Amino acid sequence: MAVDLLLGLQWGDEGKGKIVDVLTENYDIIARFQGGPNAGHTLEFDGIKHVLHTIPSGIFHKNAVNVVGNGVVIDPVIFQKELDALKKFNLDIKSKLFISRKAHLILPTHRLLDAASEASKGKAKIGSTLKGIGPTYMDKTGRNGMRIGDLELSDWKEKYRSLANKHEAMISFYDVDIQYDLAELEADFFKAVTELKALTFIDSEEYLYQAQKEGKKILAEGAQGSLLDIDFGTYPFVTSSNTTAAGACTGLGVAPNQIGEVKGIFKAYTTRVGSGPFPTELFDEDGETMGRVGNEFGATTGRPRRCGWLDLVALKYAVRINGVTELMMMKGDVLSGFDKLKVCTAYNYKGEKIEHFPYNIEAENVTPIYTEMNGWKEDLTKMTSADQLPKSLNDYIDFLEKELEVPIKIVSVGPDRIQTIHR
């Protein structure tokens with residue numbers, strides 16, 4: 001049984017949490033394969049809004065097992081807060097949430113390192129979420145990191161102390177004014193680790209292999225978006241993991257020939273949080289309207305998202321490097337009321353028209369070339385079937401499908417799980 005993937009195709013915040021929640025009824029296992037608590041997956045149903053950071057978005061379905069894969073980095077303190085928020089829903093966490101022993105731990109000093117590094121950059125800062133993600137992945141690739149499986153060893157606190165001492169020496173190297181009480185941070189950390197150890201740790205690659213042999217249906221859930229991929233994103237304004245389809249193989253131990261459908265999620269427009277180039281960004285009333293109507297604030301950071309027209313050059317790039325087989329368009333309802341819509345179909349790159357995503361998309365090199373389309377006025381939020389959608393929206397969807405050469409199977413018309421139209 002193949003493993004299906006669900007990925008964000010822009011700069012994150014596409015609405016992956018909602019779609020995983022919608023699709024979970026079709027799967028036995030939801031497996032998160034990268035990132036950490038810098039992600040914010042928002043789910044809304046039964047009048048309640050839920051924000052998950054590390055726990056997979058299938059946790060509210062009683063028949064689904066949720067796996068935190070080896071490619072994820074875990075902050076025990078934040079993880080415990082997520083678990084505490086779930087207690088009132090009487091979920092069977094012990095049997096429905098498994099954690100890979102190979103997943104790396106975020107230490108309190110990782111977060112301090114993150115803050116020191118970002119502060120040292122001044123105006124050149126990259127917009128880190130300050131969750132310790134980058135330093136943790138640096139320790140992982142530097143072969144210094146602590147993993148979930150280490151917590152089962154008798155000497156894990158000695159290993160922790162050695163790494164934390166090294167981090168403190170590194171913090172002093174940055175020579176910035178970072179105020180902290182490590183003893184207090186460690187007290188919270190050790191308490192959270194005790195509770196974390198009560199959960200089920202697994203050798204996730206073996207678990208998923210056996211699940212495939214048994215015919216279980218598995219959906220791999222990504223975090224952030226393709227344009228934040230450490231290799232293929234807008235470096236250095238990226239995250240520290242592989243957010244693209246290849247990351248699911250290394251982040252779960254799934255062989256490439258076992259990947260089935262690749263489901264790509266994008267907004268009907270474009271947003272970005274933090275620093276970095278953004279060719280279609282709007283600084284006018286249209287951009288303000290998108291942000292206000294779309295409630296564009298980061299689920300993890302609360303930071304306002306920058307908004308702009310849909311960038312098809314970037315979206316085609318993401319579709320190709322991921323091998324996307326079907327698309328889901330989110331927040332179509334946010335564009336209701338615009339007289340005209342614009343879609344970026346090419347770039348003016350140093351005086352030359354190009355249709356591919358170049359190495360550098362900084363504003364001095366790239367100007368978007370737009371195709372203009374008619375907007376729609378209708379309120380989409382109460383619509384329940386594709387035949388109710390206005391003609392201008394269907395024209396918009398048809399245009400995107402032709403350009404991207406991939407079918408759009410879902411159109412989201414609101415945040416609730418029931419506001420989902422299947423095509």
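Of the 423 residues in the protein chain, 56% are buried, where buried means under 20% relative accessible area, exposed over 50% and partly exposed in between (1.4 Å probe, protein chains only). This is a predicted model in which local features need pLDDT of at least 70 and side-chain atom pairs count only at pLDDT 80 or more, while totals for chains, interfaces and linings use all residues. Residues are numbered from 1 along each chain as its sequence is written, and side-chain values use heavy atoms, with hydrogens and water left out.

**Overall form**

- Along the principal axes, the C-alpha atoms of the protein chain fill a box of roughly 65 × 50 × 40 Å.
- The protein chain has twelve helices and 20 strands, counted as DSSP runs (helices H or I, at least four residues; strands E, at least two) and numbered from the N terminus.
- Among contacts in the protein chain with a separation of 6 or more, 76% are between residues 24 or more positions apart; contact means heavy atoms within 4.5 Å.

**Domains**

- The domain assignment gives domain 1 (3–100 + 201–262), domain 2 (104–196) and domain 3 (267–422), with bounds that come from an automatic or database domain assignment.
- Between the C-alpha centres of domain 2 and domain 3 there are 37 Å.

**Second largest pocket**

- The second largest pocket holds about 290 Å³ of space.
- It is lined by 14 residues, of which Gly233, Thr234, Tyr235, Tyr359 and Asn360 are the closest to its centre.
- A pocket is an open set of points on a 1 Å grid over the protein atoms alone, where a 1.4 Å probe fits, with protein on both sides within 12 Å along at least five of seven lines; lining residues have an atom within 4 Å of a point.
- Grid points are joined across faces, edges and corners, and the volume is the space filled by probe spheres set on the points.
- Nine nonpolar, three polar and two charged residues make up the lining of the second largest pocket; Ala, Val, Leu, Ile, Met, Phe, Trp, Tyr, Cys and Pro count as nonpolar, Asp, Glu, Lys and Arg as charged, and the others, Gly among them, as polar.
- Domain 1 and domain 3 each supply at least three residues to the lining of the second largest pocket.

**Backbone details**

- Tyr235 and Pro236 are joined by a cis peptide bond with omega about 5°, and Pro236 sits in the loop between strand 10 (218–221) and helix 9 (246–252).
- Asn90, in the loop between helix 2 (76–86) and helix 3 (93–96), has a positive phi near 55° and counts as exposed because its relative accessibility is 70%.
- Asn295, in the loop between helix 10 (285–293) and strand 13 (306–308), has a positive phi near 50° and counts as partly exposed at 45% relative accessibility.

- Val65 lies in strand 5 (residues 65–68) and counts as buried at 11% relative accessibility.
- Leaving out residues up to four places away in sequence, Val65 touches Asp28, Ile29, Ile30, Ser95, Lys96, Phe98 and Tyr207.
- Helix 5 (residues 133–141) has buried residues Ile133, Gly134, Pro135, Thr136, Tyr137 and Asp139, and the buried residues of helix 5 pack against strand 6 (73–74), strand 8 (104–105), helix 4 (108–121) and helix 6 (156–174).
- Arg143, which follows helix 5, has a positive phi near 65°.
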